[in-house]
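Please look at the sequence and the 3D view first.

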Amino acid sequence: DEKMQINPQPGDTILGGIKLTNSETGSTGLRASLFTLRLVCSNGCVILDEKYSTRWSYDRRMTYSRSINNFCKKLNLLEIPKAELDEKYASVTGHYLSDREIVNLWRRIRRILTPVAADGVLGIGNSFRQNLFERVNLYEDPQMAQPTELNKYEIHNRITAGAKTLNPVKRTRLEEIGGRLIW
């Protein structure tokens, strides 16, 4: 939606819209979710917040017609929260991830990709990642964390850029991981 422009940084325009997925795209079923598209590179990001997505109910007690009508009604009620998106994107541009956040993020990506590909998506090398893992594993308190030089907005963009070359299932899953960094 052209009216839903977000500009987290000068010259960096993002549009908000809705992404539909279904079993034909590798999803488990029909779902509509808030989606953002970064124009400078056409990276996309799926926002899975309950308020901004709807799923088709597979309740066997409902007829197909009633189920799809309920989905369409919920879809028509989905609104793109421009002010909230502006705020969320603005908050990540100046935020740097901790070593623990990078380790956890790498683990989520690793469920989808190989270790080498996960490193590539995040733009980190194997030795850098191993050092982070060793450092995090040495913490006595599970809440301990040290800042890194990795900017949350840049990592979000690396993840969504890495998603573009993948099959629809992996692409959507990485776009969702990227969305979790924003939301």
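In the protein chain, the mean positions of the 27 positive and 21 negative charges lie 7 Å apart. Lys and Arg count as positive, Asp and Glu as negative, while His and the chain ends are not counted; each charge is placed at NZ of Lys, CZ of Arg, CG of Asp or CD of Glu. The model is predicted: local features need pLDDT of at least 70, side-chain atom pairs count only at pLDDT 80 or more, and totals for chains, interfaces and linings use all residues. Residues are numbered from 1 along each chain as its sequence is written, and side-chain values use heavy atoms, without hydrogens and water.

**Overall fold**
- The chain has 7 helices and 7 strands (DSSP runs numbered from the N terminus: H or I of at least four residues for helices, E of at least two for strands).
- Of the 183 residues, 45% are buried (under 20% relative accessible area; exposed is over 50%, partly exposed in between, with a 1.4 Å probe and protein chains only).

**Isoleucine 159**
- Isoleucine 159 sits in helix 6, residues 152–163.
- Isoleucine 159 counts as buried because its relative accessibility is 0%.
- Beyond neighbours within four places in sequence, isoleucine 159 has contacts that include Leu105, Val121 and Leu181 (heavy atoms within 4.5 Å).

**Serine 42**
- Serine 42 lies in the loop between strand 3 (31–38) and strand 4 (43–47).
- Serine 42 counts as partly exposed because its relative accessibility is 38%.
- The phi of serine 42 is positive, near 60 degrees, and the residue is not glycine.
- Most residues other than glycine have a negative phi.
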